[in-house]
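Colleague: Could we go through this model together? I would like to start with the helix packing and then turn to individual residues.

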Amino acid sequence: MLNYIKSEFYRAAHSAEIRGTALGLGGIVLLMNLVLYLMKDLEHFRYGITSFSYSMLVSMPMLYCYVAADVAVMLYEADRKNGTLGNSVSYGLSRIQIFASKCMVSLGVSLFLLLLILPVYIGSALLLPVSGPTTVGELLLEIPAMSLIATGALILAVVLLDFFENSFFSVLTWFAVLVFLPKALLLAGMALASRTELLLDIALWMPVNFLSVQSQVNMSECTPLWSTGAGMAKCLLSGAAGIFVFGAVGVLMLRKKEI
């Protein structure tokens, strides 16, 4: 299993898609802050400050989940097409060992991208005047708050990529589970709130819902959910639940799935 993990890290290190993603994300944040810097002295332009730059990420925490899932797709989308999965099993690895290894490699690559891009983001933002409600502290606190939630999203992506023959269905199902169904449940809970709040309470434990509904991040206010102890705990508990549920479902599904 250790040799398999090493070989997968080697493959990831030489992946053009991973390198392109690192350069693309780093280039986007650098370009954004350079544009804000060049425009900061324009009359009536109030976005050329650190707060606006930081708030771009603080206000969209689900980006961590999208990038983590994208890493899994880039690494393992073609496994069933090129026979990599069957070859790994033929060398004596079980489906569960392969699944766990893929999760660890995807997580490691995701962390590498974060450690690579975050200094570029913060460093280039320091070109701007330090002003506004959103600080670098809130940006840094977002990382532990989203760590388990993004890990659960990554595990779900690996499960679905292994389970479905077509990667399109994997991506569609991922969005359905983490975005579409929770949003539908939230709307249904709000509609039925006058009769029962149970559905709404359940919906507000789903990350895509509580991260948007229970946070306020804009030019005049920055109160993300994780700025309080209870809010941080909710993020961590929800993420831990996602890891457990998606991991357990993945083990059960993959045990029954034919190579």
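Predicted model: local features only at pLDDT ≥ 70, side-chain atom pairs only at ≥ 80, totals over all residues.

Colleague: Good. At what angle do H2 and H7 cross?

Modeller: Helix H2 (residues 16-39) and helix H7 (residues 95-125) cross at roughly 20 degrees, and their axes come within 9 Å. H2 is therefore roughly parallel to H7. Angles under 35 degrees count as roughly parallel, over 145 as roughly antiparallel, 65 to 115 as roughly perpendicular and the rest as oblique.

Colleague: And how are the axes and helices defined?

Modeller: Axes are lines fitted to C-alpha atoms, for helices over the stretch in contact, with angles from 0 to 180 degrees between N-to-C directions. Helices (H or I, at least four residues) and strands (E, at least two) are DSSP runs, numbered from the N terminus.

Colleague: Is the crossing of H2 and H7 left-handed or right-handed?

Modeller: The crossing of H2 and H7 is right-handed. A crossing is right-handed if the near helix is turned clockwise from the far one by less than a right angle, and left-handed if anticlockwise.

Colleague: What does Ala22 touch?

Modeller: Leaving aside neighbours within four places in sequence, Ala22 is in contact (heavy atoms within 4.5 Å) with Leu113, Leu116 and Ile117. The C-alpha atoms of Ala22 and Leu113 are separated by 6.1 Å, although these residues are 91 residues apart along the chain.

Colleague: Is Ala22 buried or exposed?

Modeller: Ala22 counts as buried, at 14% relative accessibility. Buried means under 20% relative accessible area, exposed over 50%, and partly exposed in between (1.4 Å probe, protein chains only).

Colleague: Where does Ala150 sit, and what does it touch?

Modeller: Ala150 is in helix H8 and is buried, with a relative accessible area of 11%. Not counting residues up to four places away in sequence, Ala150 touches Tyr64, Cys65 and Ala68.

Colleague: What about H3 and H8?

Modeller: The axes of helix H3 (residues 50-58) and H8 come within 9 Å and cross at roughly 15 degrees. That makes H3 roughly parallel to H8, and their crossing is left-handed. Tyr54, Leu57 and Val58 in H3 meet Val136, Glu138, Leu139 and Glu142 in H8. By class, this contact has 5 nonpolar, no polar and 2 charged residues.

Colleague: On to the core. How many residues has the largest one?

Modeller: The largest nonpolar core has 60 residues, and Cys65, Leu75, Trp174 and Leu211 have the most contacts inside it. Helix H8 (residues 136-163) gives the most to this core, with 14 residues. Apart from it lies another core, of 5 residues, including Leu186 and Leu200. A nonpolar core is a set of buried Ala, Val, Leu, Ile, Met, Phe, Trp, Tyr and Cys residues joined through side-chain atoms within 4.5 Å.

Colleague: Last one: what is the phi of His44?

Modeller: His44 has a positive phi of about 70 degrees although it is not a glycine. Most residues other than glycine have a negative phi. His44 is found in the loop between H2 and H3 and is exposed, with a relative accessible area of 73%.

Key. Residues numbered from 1 in each chain as written. Heavy atoms only, no water. Nonpolar A, V, L, I, M, F, W, Y, C, P; charged D, E, K, R; others polar.
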